[in-house]
Amino acid sequence: MLPIDDAKRGLKLLVNAGMRKVNFAGGEPFLYPAFLGELVRYCKAELRMESVTVVTNGSLVKEKWLQQYAKYLDIMAVSCDSFDENTNMMIGRGKGTHLKTFVTLSELCRKHNVMFKVNTVVCRYNINEDMNAMIEKVAPFRWKCFQNAQRFVISDEEYQTFCDRHKHQQSFVPESNEVMKSSYLILDEYMRFLNKGVKEPTKSILEVGIPAAMNDVYWDDESFTRRGGEYDWQKEQKKENTTLEF
């Protein structure tokens, strides 16, 4: 992992090149909560970015962190692949308490004025699940459903069946393998753009700058637009807190 000053220098280069939104993901970014918090603060308070998101499995998020950094954070995206705890454990998501953590985080996000987003990977174990009732109860502002392309792979037809079952949800955002492929600009911990499934990573933007690195990365901007990559990603004024229960 880069020293904090190098990470900040890379983020500043990206903003100067036109970046308006950043997602901090992993791995699990909350393995380094102080490092993450300082970068979240820096992006919002000093670089004045439009939107800052953290993507997490939720297991390491503490309210103390939100008390300190929520004012700099627009969105927290939490992974939840099933609303059945046994299914979560089969997938490898926690050891039986993931849903309790998930609901607690949804409440904490509302309490601290952070937009709550749900990420679901549609796979062999959850393909037949009806998630409508719990999604309506949790009420995320955005529910992104990815098609599984690795373990527990499903066919395009099976994925479409899942989408048809849930497409009436206002927050629902489907993302098939075809749409997802090469539609993200992803930097690793060394500030190298990843060319997932195409070729090796670029050289670090700290070494060669943004234009040179971008010349060596494959990014499908049409797929970015088609998957709804640009949306209302800034949080509004604080809303009334809602308590949720299973």
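Colleague: Asn113 is found in the loop between α5 (98-111) and β4 (115-122). What makes the phi of Asn113 worth a remark?

Modeller: This is a predicted model, and in it the phi of Asn113 is near 60 degrees, a positive value in a residue other than glycine.

Colleague: Why is Ala139 called partly exposed?

Modeller: The relative accessible area of Ala139 is 43%, and since buried means under 20% and exposed means over 50%, a value in between counts as partly exposed.

Colleague: Which peptide bond is cis, and where does it lie?

Modeller: The bond from Gly26 to Gly27 is cis, with omega near 10 degrees, and Gly27 belongs to the loop between β1 and α2.

Colleague: Why is Leu31 called exposed?

Modeller: Leu31, in the loop between β1 (21-24) and α2 (33-46), has a relative accessibility of 54%, and as exposed means over 50%, Leu31 falls in that class. Together with Met1, Tyr32 and Leu60, Leu31 makes a nonpolar surface patch of about 410 Å².

Colleague: What makes helix α1 and helix α9 roughly parallel?

Modeller: Two packed helices are described by the angle between their axes and the distance between the axes. Helix α1 (residues 4-16) and helix α9 (residues 205-214) pack at an angle of about 10 degrees, with their axes 10 Å apart. Angles under 35 degrees count as roughly parallel, so α1 and α9 are given that description. The contact is made by Asp6, Arg9, Gly10, Leu13 and Leu14 on the α1 side and by Ile205, Leu206 and Ile210 on the α9 side.

Colleague: How do you know that Glu38 and Lys8 form a salt bridge?

Modeller: Their side chains meet at 2.6 Å, N to O, and the cut-off for a salt bridge is within 4 Å, so the pair qualifies. Glu38 lies in helix α2 and Lys8 in helix α1, so this pair ties together parts that are 30 residues apart in sequence. Lys8, at 16% relative accessibility, counts as buried, because the limit is under 20%. Lys8 and Glu38 are also linked with Arg41 and Glu46 in a network of salt bridges. A search of the whole structure finds 14 salt bridges.

Colleague: What makes Lys144 and Glu175 a pair that links distant parts of the chain?

Modeller: Lys144 and Glu175 meet through their side chains in a salt bridge of 3.2 Å, N to O. Lys144 is in strand β5 and Glu175 in strand β6, 31 residues apart, and both residues are buried.

Colleague: Asp188 and Arg192 also form a salt bridge. Why is Asp188 called buried while Arg192 is called partly exposed?

Modeller: The two side chains meet at 2.7 Å, N to O. Asp188 has a relative accessible area of 13%, which is under the 20% limit, so Asp188 counts as buried. Arg192 has 31%, which falls between 20% and 50%, and therefore Arg192 counts as partly exposed.

Colleague: Why does Gln169 count as buried, and which residues does Gln169 touch?

Modeller: Gln169 is found in the loop between α7 (156-166) and β6 (172-175). The relative accessibility of Gln169 is 9%, and buried means under 20%, so the label follows. Not counting residues up to four places away in sequence, Gln169 touches Asn132, Ile135, Glu136 and Trp143. Gln169 and Met19, by C-alpha positions, are 30 Å apart in space and 150 residues apart in sequence.

Methods. Residues are numbered from 1 along each chain as its sequence is written. This is a predicted model: local features need pLDDT of at least 70, side-chain atom pairs count only at pLDDT 80 or more; totals for chains, interfaces and linings use all residues. Side-chain values use heavy atoms; hydrogens and water are left out. Patches are made of residues with over 30% relative accessible area and no salt bridge: like charges are joined within 9 Å, nonpolar side chains (Val, Leu, Ile, Met, Phe, Trp, Tyr) within 5 Å. Accessible areas come from the Shrake-Rupley method with a 1.4 Å probe; for residues, only the protein chains shown count as cover. Helices (H or I, at least four residues) and strands (E, at least two) are DSSP runs, numbered from the N terminus. Buried means under 20% relative accessible area, exposed over 50%, partly exposed in between (1.4 Å probe, protein chains only). Axes are lines fitted to C-alpha atoms, for helices over the stretch in contact, and angles run from 0 to 180 degrees between N-to-C directions. Angles under 35 degrees count as roughly parallel, over 145 as roughly antiparallel, 65 to 115 as roughly perpendicular and the rest as oblique. Contact means heavy atoms within 4.5 Å.
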